[in-house]
Amino acid sequence: MRKIYYILLLGVLLSSAFAITVPYRGKIYLNEPVIHWENGYYFSASFSKPMLGVGDQLYSASLSFFIPQGLFCYGSFGLSISHIGNAYSNFQRLAVFVKSPKLLAGSVALSGWISPGLERAAYSMENFYRFDSSDPVFTSGTNKFAPFIDGGFAAQSDIAILSIWGKNILPPNISISGNNNGAEPLGVEGYVAAKLYPNVIPWLGAEYDGVSQKVLPTIGITYRYDGWNFSSGYRESGAWLSITAPIVQQRFWSNYDMGYHLASAEVAGAAMTSHRIGIEAVLPKPRRRLPRLPNFVIEPGELPDIWSKDTVHLSVAVINRSNVKSDSTNVSFFAISSNETLAIGVAKVPPLNPGEEHLASYVWVPPYLGTFNFIFTADDDGTHFPGISGRINETNEGDNRYEHEFLVFGDMKATVSPLIQVLTIPSITYIREEQPIVPLVFFKPKSAEILSKYDSTLAIIAKRMIMNPDVVLELRAYIDPETDGDSARLVSARAKMVKERLVKLGTPPSSVIIIPPDKYNYKKPRISSSRKNIPVRDKVMVEEENRRVEMLARFEGIRHLVYEFPLNPSAQEIPQNDRAVLDTVADKLAGVLCSDHSAIILIEGITPRDSDPVG
């Protein structure tokens, strides 16, 4: 009788391998007891036919359910129900799994679990007619309930996994006769798995079987590919092969396990094969609904310049950026200087509808000049230094504060006194530009690219054009025939590049006019030489001067070239006739010069056309 009892008990232990599911992203070891899935609710159902050579085939079934870790701060929870039996006896185990959250120790994640439960053993009296009915095992009762406890822990890193657990740490006594020797013995099992490759995980472990009191080594490998899971392993009592196929990847799987058992000497000398089929399902975690809460946001209102000892009126806007009406609250105002923190005041904010705003106003007299950091905080009563979390719960407390740095000015005094007391100042003239500029842009041979050294010149010209909308700028481009060739296209390209740069710097496009090349002689040397043989260095300088764009400004209604007249080389004064013409032109320009002090009259002296400027 005792021999048959241990045969049935051995069947329970061996068939438990087929009642444990193998999720695609879950277990890598065939006998790993804890079933869980961190991404959702996990369900598993299976049916197996272990054949252990005990006469009649055993049948086994299991049902498991796990709540994902993260919904509860104490870890994940699970429930497992298993059944195994034949015509003579059957055993049921109801287990509750409690798995701790992961604890990090450097790069290693540690976790533990405990599984208390209740086991039932039952016998069919009518099928024991072959045995002695006076046996006390069958006369004391037909079923027995007994508690048990399993437990274990695991350590996991990026390259390896260690898992050890014990079965029947609190052994269940399912002996119907009440004999203490009927308690199921303790069993210990564990394995080490190496993450050598992303999809291939070999493992090595051992099991201490309390029934046979033997240490059974085990070895195996797990391979994962595109939702499929293949695991195989071997130990003294048998070899296993497990296949998990995705029905809906990451949601539903089907399982098939096959075990080749090497039966013990007490049973038979023949080997038996068992099969298990099952199905798994993972339901996603429910999304927690966020409570409908208000959300206050502060934006600046009226923040003027501030003067010391002067009354100032400040305001900020409090906005309800949510779809829920808010309760009434406050907005505090603090000013922080280098010496102290000043509580300026608290403004009341009425209940705000979604999207509604309220202007909170304050009156303050700065006690002294200096730099102050203003802090406005919504949902704060101002009794202490402001905190962003007040009495009203919001969806986002981080945007309750607005900070701004202000400079409080003192009394300003301005004095003008001459450096030399006897100096008389008839007028004060404001010079807008400190240095004159040459309105020319020079180019490299056969190029229309503007060199970076002309950026400042063009920026100044653009600034002056913006300030003088009645001025028109005419562009004329020139080439040097010897270094550029005869190219009217190059002439137009150079003038176009200068205009585009001026417009980009802010000059109105209508204020810049490109003179077409057919309106002037674009090949005319800007500096010519009557000498036939000049030094190479001087020749290069002349060629560089010829590759240019000239910018000539004129006022609307006035020619850009106001007046031009020749002078004798020895002349010391302007001829009388020419002076009269200049007086007339000056009268025309007087109004413009008086209205714009930045206007400049450019007087340019040019050598006679037949002279040699180089020589």
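The following dialogue explains how to read several features of one predicted protein model.

Student: Which conventions apply to this model?

Tutor: The model is predicted: local features need pLDDT of at least 70, side-chain atom pairs count only at pLDDT 80 or more, and totals for chains, interfaces and linings use all residues. Residues are numbered from 1 along each chain as its sequence is written, and side-chain values use heavy atoms, with hydrogens and water left out.

Student: How many helices and strands does the protein have, and what percentage of its residues count as buried?

Tutor: Helices (H or I, at least four residues) and strands (E, at least two) are DSSP runs, numbered from the N terminus. The protein has 7 helices and 27 strands. Buried means under 20% relative accessible area, exposed over 50%, and partly exposed in between, with a 1.4 Å probe and protein chains only. Of the 615 residues, 39% count as buried. A contact means heavy atoms within 4.5 Å; among contacts between residues at least 6 apart in sequence, 60% join residues at least 24 apart.

Student: How is strand pairing read, and which strands form the open sheet?

Tutor: Strands of a sheet pair through backbone hydrogen bonds, either parallel or antiparallel. Two strands pair if DSSP finds at least two bridges between them. Here, 5 strands form an open sheet in the order E17-E23-E22-E19-E20, with mixed pairing. Its edge strands, each pairing on one side only, are E17 (306-307) and E20 (341-349). Strand E19 (residues 329-336) pairs with E20 in the antiparallel sense over 8 bridges, and Phe333 has Gly345 in E20 as its bridge partner.

Student: Which strands pair with E9?

Tutor: Strand E8 is joined to E9 (residues 187-194) by 8 bridges, and the two run antiparallel. Lys167 stands opposite Gly187 in E9. On to E10 (residues 200-209), E9 pairs in the antiparallel sense over 6 bridges, with Ala193 having Trp203 in E10 as its bridge partner. A hairpin of 5 residues joins E9 to E10.

Student: Is Arg391 buried or exposed, and what does Arg391 touch?

Tutor: Arg391 lies in the loop between strand E22 (370-378) and strand E23 (401-409). At 60% relative accessibility, Arg391 counts as exposed. Not counting residues up to four places away in sequence, Arg391 touches Ser328, Thr329 and Asp379. Arg391 and Asp380 are 11 residues apart in sequence and 7.9 Å apart in space, C-alpha to C-alpha.

Student: Why does Asp484 count as buried, and which polar contact joins the side chain of Asp484 to another side chain?

Tutor: Asp484 counts as buried because its relative accessibility is 5%. The residue is placed in helix H4 (residues 481-484). A polar contact is a pair of N or O atoms within 3.5 Å; within protein, one must be able to donate a hydrogen and the other to accept it, and residues adjacent in sequence count only if both atoms are side-chain atoms. The side chains of Asp484 and Arg494 are joined by a polar contact of 3.0 Å, and the side chain of Asp484 also reaches the backbone nitrogen of Lys446 at 2.6 Å. Leaving aside neighbours within four places in sequence, the contacts of Asp484 include Ile479, Leu490 and Arg547.

Student: Why does Ser511 count as buried?

Tutor: Ser511 counts as buried because its relative accessibility is 7%. Ser511 is found in the loop between helix H5 (488-504) and strand E26 (512-514). Apart from residues up to four places away in sequence, Ser511 touches Met465, Val471, Val472 and Leu473.
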